[in-house]
Amino acid sequence: MKIVVMLIDSLRADHLGCYGYSKGTSPRIYKIAKGSILFRNAFSQCNWTYPSLYSIITGRYPSVLMLDWFDEKVNAAFPTLPESLARKGFHTAIFSNFEFLLKRSSFGSHFRQREFVTLRMNALESFRALLKKTNDLFLFFHVGEFVHEPFFAEPDYVRKFAGKRKDLAPNEAIKALTTKIESEDEKVREPL
């Protein structure tokens with residue numbers, strides 16, 4: 001059995017076609033949703049990534065987990081889904097481009113395999129290789145690109161959502177959305 005949890009960090013459900021959005025932003029997600037279980041009343045348990053993801057793998061509210069920062073590990077008394085599945089013989093893996101999720105000392109410790117992947121570089125190849133080599137699999141696939149900060153978007157995409165406003169230059173918020181901020185990490189990991 002293969003279980004894949006794919007989480008697209010910061011993606012708004014109200015901007016997806018499978019939830020009724022009309023601008024055609026997500027045709028592939030819509031196609032996947034047609035053949036999947038679609039939750040219409042699901043909510044993040046917290047307003048930031050780390051405790052939200054721990055809520056998913058423990059089934060507990062962030063207030064119980066008492067996590068304050070990205071380097072903390074949940075209380076060992078709380079069982080996690082990947083660890084429970086590993087005891088049943090599942091290969092457990094986390095794929096993410098958020099390095100703090102891959103740390104052996106914190107969130108990544110709950111998975112046997114931890115792999116830094118990006119959609120531009122190696123995610124698809126890594127995903128296919130993992131699917132081929134194991135039968136019983138639990139993959140937590142965390143996508144943090146394109147919809148999570150720095151919130152950069154090509155001007156053509158921003159224009160699609162700007163409504164009647166066609167001249168984007170005067171708006172400071174639009175400038176912030178369309179000006180790429182390149183981190184040191186991006187320079188090293190993602191060649192142009």
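**View 1. The whole protein chain, seen through its contacts and its elements.** Residues 24 or more positions apart account for 53% of the contacts in the protein chain that have a separation of 6 or more, where contact means heavy atoms within 4.5 Å. This is a predicted model, in which local features need pLDDT of at least 70 and side-chain atom pairs count only at pLDDT 80 or more, while totals for chains, interfaces and linings use all residues. Residues are numbered from 1 along each chain as its sequence is written, and side-chain values use heavy atoms, with hydrogens and water left out. The protein chain has nine helices and four strands, and from the N terminus on its elements run β-α-α-α-α-β-α-β-α-β-α-α-α. Helices (H or I, at least four residues) and strands (E, at least two) are DSSP runs, numbered from the N terminus. Of the 192 residues, 34% count as buried; buried means under 20% relative accessible area, exposed means over 50%, and partly exposed lies in between, with a 1.4 Å probe and protein chains only. The accessible surface of the protein chain comes to about 12600 Å², and 56% of this belongs to carbon and sulfur atoms; such areas come from the Shrake-Rupley method with a 1.4 Å probe, and for residues only the protein chains shown count as cover.

View 2. Four strands form an open sheet in the order β1-β4-β2-β3, and their pairing is parallel. The edge strands are β1 and β3 (113-116), each of which pairs on one side only. From one strand to the next, the twist averages 15°. Two strands are said to pair if DSSP finds at least two bridges between them. Helix α6 (residues 123-133) packs on the sheet, touching β1, β2 (91-96), β3 and β4, and its direction makes about 170° with that of β4. For such angles, axes are lines fitted to C-alpha atoms, for helices over the stretch in contact, and the angles run from 0 to 180 degrees between N-to-C directions.

**View 3. Strand β4 and its bridge partners.** Seven bridges join β1 to strand β4 (residues 137-143), and these two strands run parallel. Within this pairing, I3 stands opposite F138 in β4, and the bridge partner of I8 in β4 is V143. Strands β2 and β4 also pair in the parallel sense, over five bridges, and here I94 stands opposite F140 in β4. β4 is mostly covered, with seven of its seven residues buried. On one side of β4 the buried residues are L137, L139, F141 and V143, and on the other they are F138, F140 and H142.

**View 4. Helix α2 and its residue S52.** Nine of the 10 residues of α2 are buried, so this helix is largely enclosed by the rest of the structure. Its buried residues, among them Y50, L53, Y54 and I57, pack against β1, α3 (62-65), α4 (81-87), α5 (99-102) and β4. S52 lies in this helix, which spans residues 49-58, and S52 is buried, with a relative accessible area of 10%. Not counting residues up to four places away in sequence, S52 touches S44 and C46. The helix α2 is followed by G59, whose phi is positive, near 75°.

**View 5. The loop between β1 and α1.** Y19 has its place in the loop between β1 (2-8) and α1 (27-34), and Y19 is partly exposed, with a relative accessible area of 33%. Together with I37 and F39, Y19 makes a nonpolar surface patch of about 360 Å². Patches are made of residues with over 30% relative accessible area and no salt bridge, in which like charges are joined within 9 Å and nonpolar side chains (Val, Leu, Ile, Met, Phe, Trp, Tyr) within 5 Å. S26 lies in the loop between β1 and α1, but S26 is buried, with a relative accessible area of 8%. Leaving aside its neighbours within four places in sequence, S26 is in contact with H15, L16 and G17.

**View 6. The salt bridge between D14 and R12.** A search of the whole structure finds one salt bridge, a term that stands for a side-chain nitrogen of Lys or Arg within 4 Å of a carboxyl oxygen of Asp or Glu. D14 forms a salt bridge with R12, and the closest N and O atoms are 2.7 Å apart. D14 is partly exposed, with a relative accessible area of 43%, and R12 counts as partly exposed at 47% relative accessibility.
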